[in-house]
Amino acid sequence: FSKEFRKRTPLYQKMIASYAELIMHDLQGIIDAVGARPGLICIKDDVAFKGRVMLSPERWEQDFLPYYKEMCKLVHDAGMHIMMHSDGDVTELVPSFIKAGFEGLQGWEGGADPKIIKEKFPEFVVIGFGDVSEVLPFGTKQQVEDHVKELMDILKPNGHYIFGPSTVIVKEMPFENVKTFMDAAERLGKY
């Protein structure tokens, strides 16, 4: 895939188009199943590593933006909301996601700075940002509390933040840290 991606071969372009067609089919099925009820759809498409994106915003817009615009339009036309999920630091791609029509992102793992996200994209809905790489698995109770407080202080004020982990909570994380994480969120997260 990487070789085809680099050369932008017809096979690569067909793969993207086929994937987009499958997602559009699934989206239409969801919309048909729920009828006119409002809702939220989240498309999962990891596009970043910890610390950087997998491809440049320019390349994402050339290759993927037209398809995602179509998907977002389908969902919006049905009266629903649409978000993206990605692990990693997607900061560079947020303007491209907004151009496509995504209203927010769940994830924010590995190097994404909540202050930059809040400052540059105040209306973009943020779900996650809880550090599952260092703080939850290895932090002290106080470090977990401080982490939650910092996230709430930065991201909560405009009401576009839904607290949670950046990605999955796994069994190797100390239960006490996960409980502290959730208790602090409940205490500090009220609007």
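Met173 touches Val132, Leu136, Pro137, Val168 and Val178, leaving out residues up to four places away in sequence. Contact here means heavy atoms within 4.5 Å. The model is predicted: local features need pLDDT of at least 70, side-chain atom pairs count only at pLDDT 80 or more, and totals for chains, interfaces and linings use all residues. Residues are numbered from 1 along each chain as its sequence is written, and side-chain values use heavy atoms, with hydrogens and water left out.

Met173 sits in the loop between strand E7 (161–165) and helix H9 (175–188). Helices (H or I, at least four residues) and strands (E, at least two) are DSSP runs, numbered from the N terminus. With a relative accessible area of 7%, Met173 is buried. Buried means under 20% relative accessible area, exposed means over 50%, and partly exposed lies in between (1.4 Å probe, protein chains only). Met173 and Tyr191 are 18 residues apart in sequence. Their C-alpha atoms are 28 Å apart in space.

The chain as a whole has nine helices and seven strands. Its radius of gyration is 18 Å, close to the 16 Å that the globule rule gives for 191 residues, so the chain is as compact as a globular protein of that length. The radius is taken over C-alpha atoms, and the globule rule is 2.2 Å times the number of residues to the power 0.38. Along its principal axes, the C-alpha trace spans about 55 × 40 × 35 Å. Of the 191 residues, 45% count as buried. Among contacts with a separation of 6 or more, 67% are accounted for by residues 24 or more positions apart.

The accessible surface of the chain comes to about 10,500 Å². Carbon and sulfur atoms hold 58% of this surface. Accessible areas come from the Shrake-Rupley method with a 1.4 Å probe; for residues, only the protein chains shown count as cover. The chain carries 23 positive and 29 negative charges, and their mean positions are 2 Å apart. Lys and Arg count as positive and Asp and Glu as negative, while His and the chain ends are not counted. The place of a charge is NZ of Lys, CZ of Arg, CG of Asp or CD of Glu.

In soluble globular proteins, nonpolar side chains tend to be buried together. The largest nonpolar core of this chain has 54 residues. Such a core is a set of buried Ala, Val, Leu, Ile, Met, Phe, Trp, Tyr and Cys residues joined through side-chain atoms within 4.5 Å. The residues with the most contacts inside the largest core are Trp60, Tyr68, Phe97, Phe102, Trp108 and Phe129. Helix H2 (residues 10–34) gives the most to this core, with seven residues.

Trp108 has a phi of about 65 degrees, although it is not a glycine. Trp108 lies in the loop between E5 and helix H6 (114–120). Its relative accessible area is 2%, and Trp108 is buried. Phe129 is not a glycine either, and has a positive phi of about 80 degrees. Phe129 belongs to strand E6 (residues 125–130). Phe129 is buried, at a relative accessible area of 5%.

Gly104 is found in strand E5 (residues 104–107). Gly104 is buried, with a relative accessible area of 0%. Beyond its neighbours within four places in sequence, Gly104 is in contact with Ile82, Met83, Met84, Phe124 and Val125. The C-alpha atoms of Gly104 and Met83 are separated by 4.9 Å. Along the chain, these two residues are 21 residues apart.

Arg59 is placed in helix H3 (residues 57–63). Arg59 counts as buried, at 13% relative accessibility. Not counting residues up to four places away in sequence, Arg59 touches Phe5, Arg6, Arg8, Tyr12 and Phe64.

Leu11 lies in helix H2. Leu11 is partly exposed, with a relative accessible area of 48%. Leu11 and Phe181 are 170 residues apart in sequence. In space, they are 45 Å apart, C-alpha to C-alpha.
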